Amino acid sequence: MRVVICEDNIGQQQMIFSRLKNYSMMNYPSVDFVLVASSAEEVLAFIENDKADCYFLDIRLGDGQNGLQLAADIRKKDVLASIIFVTDYSEGLNLTFKYKVAALDFIVKETTSRFSEQLIEAFESSIKRYEQLGQMETTNYFQIKMGELIKNIPYEEIYYFATSENIHKLHLSEKNGVYEFYGKLKDIEERYSHFFRCHKSCVINLQHVSQLHKKDRNVEMVNGVTCPVSIRAMKNLERKLGELFK
Amino acid sequence: MDTDKLIHSLFFILEGCLLLWAFFYTTKVTISVKRVLGYFFIVVCPVILIFLFFGQWYGIVYFLASTFIFYYLLSKKIFTFIHICFVLIIGVFLDHLTQIILNFFKIHINPELIGHYILFSILFVLAIFVYNQATGKMYKLIGGVKIASHLILTIGLFTTITFYMNIYLVRHLTEDKIVEYNIITQLIYFSFMLIVIYFIIKIIKKENALKQKELETAQFNDYMHSLEIINNDMQKFQHDYSNILFTMNGYIENDDLEGLKQYFNQHIISTEEDTLRLNKRLSNLSKLHIPGMKGLLSTKILQAENEGITVNFEIPDIIDSIEMKVVDIARVLGIILDNAIEANKNTKHQKEISLAIFKSIEQSTIIVVENTYNDNIVHIDQLFNEGYSTKGNNRGIGLSNVKDIMSKYPNATLQTSINNGYFSQMIELAKG
């Protein structure tokens with residue numbers, strides 16, 4: 001994992017660097033500190049031709065430079081990198097960190113011991129994430145972009161997809177959320193074996209069907225929502241459900 | 001033959017009298033012998049003369065023009081024109097209707113014309129009474145809208161002219177010419193209607209803009225009101241501040257370091273936190289350059305804080321435009337925030353609402369609201385159904401409205417989810 005640190009206060013910069021370096025030498029020798037910078041320009045110049053996996057950024061860089069803007073610039077180039085903010089006091093920008101630049105974490109410079117502890121925690125989570133990214137099979141997830149935050153929804157947890165009144169918008173329903181995104185049902189039905197196109201406006205996940213109402217020509221999902229079933233699809237749907245719930 | 005002609009002229013006079021009565025009655029011009037005579041000499045006599053010497057067509061033109069002028073001079077009201085037009089339209093229409101009714105029931109009274117005239121007179125008098133009753137409603141509807149009466153007048157005039165042309169001009173035309181004539185009148189009538197509709201739409205648009213302005217003003221007033229509250233808080237703090245200094249001075253003069261420490265921790269730190277929070281809120285709102293939203297947000301934030309809810313509020317970027325009508329986004333945000341406040345009622349747990357508005361990297365505007373909640377949300381999907389509410393709570397009120405508004409905008413998406421005890425909604429408005 002390649003790490004970049006950007007902090008304009010030299011004392012703090014060295015403190016962060018040495019703390020992380022010592023910790024990684026003991027536990028993760030493969031971690032490489034590729035840049036320790038004290039201004040946004042240095043980092044911008046670096047990402048011009050290079051990339052890192054984890055960035056520790058001060059929010060308030062001297063000369064009116066803004067760590068948030070720097071993070072946005074990094075995100076433009078690299079959607080996967082972990083970004084961890086280091087702030088002087090709680091900025092109250094939690095949602096902004098989370099959704100605007102999909103920051104992994106932020107650390108408030110409080111007392112030295114607490115700060116050092118948080119620094120290591122954040123570092124650990126970035127390493128964990130880095131390892132996960134390496135192994136993750138993107139084929140089993142549906143990805144929804146919420147701002148810059150990418151939400152991975154496992155296929156088996158999805159209830160159904162439906163078109164909305166607006167032609168290009170699709171609607172995804174799962175246990176913990178309802179999401180809208182732009183796409184086509186045609187591109188979705190093939191992705192997972194239990195997805196089934198029951199109507200021109202609906203792709204359902206057969207695993208979450210609770211009841212089939214043949215008379216009303218619809219299918220009830222476990223969350224109580226009903227999806228229409230076309231005449232043509234009815235027979236096929238019956239057969240597939242029979243196989244699945246045998 | 002002679003009796004026929006006599007009856008014809010008799011009823012012609014009757015018809016004229018009926019019209020005269022209807023004009024006076026509907027325009028509410030007081031009827032008097034002098035005026036009737038005046039009408040007779042100014043309108044009726046010349047019409048008959050023109051009829052005889054120049055032709056029917058000129059007679060009708062003179063009749064219409066002089067009648068309009070005559071009544072207008074007596075009443076000096078635009079509505080007079082409208083009434084005359086409608087009386088004429090009713091007359092022409094009923095004349096045809098009478099014919100149809102007689103043909104339909106195959107009624108034949110000899111001589112034939114008597115039946116026609118009697119039925120026509122009855123229908124006409126009735127219709128004029130009904131019309132007169134209806135005008136009251138028309139006045140009420142139009143109220144002070146000047147352009148509406150102009151529009152009605154133009155429609156009335158135009159219809160009258162077309163009616164008369166249809167009846168009289170057609171008699172002088174050959175069949176080929178009739179087709180031509182029909183096409184022309186139909187086209188003119190159609191384009192005329194288009195023009196009228198254009199004006200109506202324009203008026204409606206204007207009205208809407210006005211309404212929106214009103215709404216924005218109301219929201220701006222709300223904002224001013226909350227600023228006032230904040231300002232009052234600041235003044236109170238300033239007052240406290242000088243008190244604090246004096247008290248501290250007291251401790252220092254007595255060299256009471258312990259007392260000073262205690263006082264500082266207990267009174268100053270906490271007050272300072274409040275001030276910081278207030279300042280923060282002010283500076284945050286200052287980046288939002290949409291007055292309507294400012295008003296709404298500041299009102300809702302104050303409302304939430306009064307309910308004991310901690311509100312975190314982030315606007316890191318300058319927001320000066322939004323890809324949605326302010327009325328709509330204010331409505332959506334209002335519903336979402338009301339729900340967030342409602343969801344924290346009757347709970348002693350930590351109550352929290354976080355709100356952020358910022359520009360994404362692709363320059364779309366993103367609005368996030370996250371809040372703690374008290375009730376059990378079983379199926380998020382169902383929150384959007386009309387009339388859904390969980391036991392005892394009114395969560396989800398209006399969420400179906402939110403859905404409706406959002407679906408009007410192809411560039412807008414709404415994400416709703418629950419995670420780690422937070423109910424979270426994100427609106428993303430992609431740039432044009």
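User: Which residues of H3(A) are buried?

Analyst: Buried means under 20% relative accessible area, with exposed over 50% and partly exposed in between (1.4 Å probe, protein chains only). In H3(A) the buried ones are A:Gly67, A:Leu68, A:Leu70, A:Ala71, A:Ala72, A:Asp73, A:Ile74 and A:Arg75, that is, 8 of its 11 residues. Helices here are DSSP runs (H or I, at least four residues) and strands too (E, at least two), numbered from the N terminus. A quick caution: this is a predicted model, where local features need pLDDT of at least 70, side-chain atom pairs count only at pLDDT 80 or more, and totals for chains, interfaces and linings use all residues. Residues are numbered from 1 along each chain as written, chains are lettered from A in the order written, and side-chain values use heavy atoms without hydrogens or water.

User: How many residues of chain A are in contact with chain B?

Analyst: Contact means heavy atoms within 4.5 Å. By that rule, 38 residues of chain A meet 35 of chain B.

User: How many salt bridges are there between chain A and chain B?

Analyst: Look for a side-chain nitrogen of Lys or Arg within 4 Å of a carboxyl oxygen of Asp or Glu. The count is 3, including B:Glu362 with A:Lys145, whose closest N and O atoms are 3.1 Å apart.

User: Which strand of chain B is joined to S12(A)?

Analyst: Strands pair if DSSP finds at least two bridges between them. Here 2 bridges join S12(A) to S4(B), residues 412-419, running antiparallel, and A:Val178 sits opposite B:Thr416.
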